[in-house]
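Reader: Could you take me through the inside of this one? I'd like a close look at the packing, and then at whatever sits around it.

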Amino acid sequence: MYIYLSILNLLTVGIMMAQLQQGGPDEKEKTTALKDLLSRIDLDELMKKDEPPLEFPDTLEGFEYVFNEKGQLRHIKTGEPFVFNYREDLHRWNQKRYEALGEIITKYVYELLQKECHLKKVTLPVDATESEPKSFIFMSEDALTNPDKLLVLIHGNGVVRAGQWARRLIINEDLDSGTQIPYIKRAVEEGYGVIVLNPNENYIEVEKTKAQVQLSSDSSDEPAEKRERKDKIQKETKKRRDFYEKYRNPQKEKETMQMYIRDNGSPEEHAIYVWDHFISQSAAENVFFVAHSYGGLAFVELNCCNWVSSSEPLDTSVESMLPDCPRVSAGTERHELTSWKSFPSIFKFFSEAVEAKNSSVKPTPTRRSNRIKYEEL
């Protein structure tokens, strides 16, 4: 049985564009004057960004941040929370800085899983060679041998990795709300074995060689005549493209290519692989899943309950148009907080499910066999 926590937020954005309409003589004169004014402006100088180098520290201390005793990220000197807009009017640079900090947070959580939660890191595929791309999961020592209960944790899609629910919560709130650590500690206390999946770790990025960059830009199946016309257009617009690129990306970043991990090239493949090689091989009579958001799509045919974002009090029944899991309120309207806010109710649900089980016969572990592998998508 599993817990499937999911909410889909659909946002429709309308963009209105204003156009300059030409009309009578007065309007034409204004248009001519405007064109003359624009011709005198050096747009290259006006839009040029004096962007600092995209070079950031590789430790929390280098960023001058630390997690305090409450698990909150705070500046070492000021004690203030993380500030995204570190440099005004440089959104791209600030975003890159945020992403660099996020990578450090990911490694920090991995360390906590091993040091505080006492989980072991297991390499995937299990028969990986030394040279091929690899992923990993985390497991308690008794994950496969615990005869009673096994807890499997699955995060959603995006930048999060094993042990995390939401990077934004870790950075802006605290470790308890943003990581799976409270679940792991509670599970261990109550006698569960634990497996932490890592469904977003599907590939590694390597820098392209000069030959690969040239090949990707030159390769084409188009007829020669059509390619020549395209080349002519590209030459005519090269100056405009170079100008835009200078504004959008002042620092030319390295081109990379993705090398997918065997049998783990997508979240779905990863879930199947872990099921086949670990979960289905465990000795546990009762297996429980806590899956946040997209992570729940990996297991949709088991006994379940879905805690969703809602303004209703915790555990209040929520009407659904879809015939999936019964839905109840997570006690919050913030999607990323559903796993944390429903934390006590989920373990209560587990206990009640075990107590209500009528049969003592252990069913044969199964999974759907008609899933499409990543290469077939």
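Author: Let's start with the largest nonpolar core, which has 44 residues, with Leu-151 and Phe-350 making the most contacts inside it. By nonpolar core I mean a set of buried Ala, Val, Leu, Ile, Met, Phe, Trp, Tyr and Cys residues joined through side-chain atoms within 4.5 Å. Buried means under 20% relative accessible area, exposed over 50%, and partly exposed in between (1.4 Å probe, protein chains only). Helix 4 (residues 91–115) gives the most to this core, with nine residues. Helices here are DSSP runs of H or I with at least four residues, strands are E runs of at least two, and both are numbered from the N terminus.

Before going further, a word on the source: this is a predicted model, local features need pLDDT of at least 70, side-chain atom pairs count only at pLDDT 80 or more, and totals for chains, interfaces and linings use all residues. Residues are numbered from 1 along each chain as its sequence is written, and side-chain values use heavy atoms, with hydrogens and water left out.

Back to Leu-151. Setting aside residues up to four places away in sequence, Leu-151 touches Tyr-183, Ala-187, Tyr-192, Gly-193, Val-194, Ile-195, Phe-288, Val-290, Phe-347 and Phe-350, where contact means heavy atoms within 4.5 Å. There is also a second, separate core of 19 residues, which includes Leu-124, Leu-150, Phe-278 and Ala-284.

Two of the partners of Leu-151, Tyr-183 and Ala-187, turn up again where helix 7 meets helix 13: Pro-182, Tyr-183, Arg-186 and Ala-187 on one side, Phe-343, Ile-346 and Phe-347 on the other. The axes of helix 7 (residues 181–189) and helix 13 (residues 343–356) come within 11 Å and cross at roughly 35°. Those axes are lines fitted to C-alpha atoms over the stretch in contact, with angles running from 0 to 180 degrees between N-to-C directions. Within helix 7, the buried residues are Ile-181, Pro-182, Tyr-183, Ile-184 and Ala-187. Just after helix 7, Gly-191 takes a positive phi of about 85°.

Now for helix 11. Its buried residues are Glu-269, His-270, Ala-271, Ile-272, Tyr-273, Val-274 and Trp-275, and what covers them includes strand 4 (120–124), strand 5 (135–139), strand 7 (192–196) and strand 10 (286–292). His-277, also in helix 11 (residues 267–277), is partly exposed, with a relative accessible area of 37%. Its C-alpha atom is separated by 9.4 Å from that of Pro-125, 152 residues apart along the chain. Pro-125 lies in the loop between strand 4 and strand 5, and a cis peptide bond joins Leu-124 to Pro-125, with omega about -10°. Leu-124 is the residue we met in the second core.

Another loop worth a look runs between strand 11 (304–308) and strand 12 (327–329), and Val-318 is found there. Val-318 is partly exposed at 21% relative accessibility. Beyond its neighbours within four places in sequence, Val-318 is in contact with Val-308, Ser-310, Arg-327, Val-328 and Ser-329. Asp-315 lies in that loop between strand 11 and strand 12 too, with a positive phi near 75° despite being a residue other than glycine.
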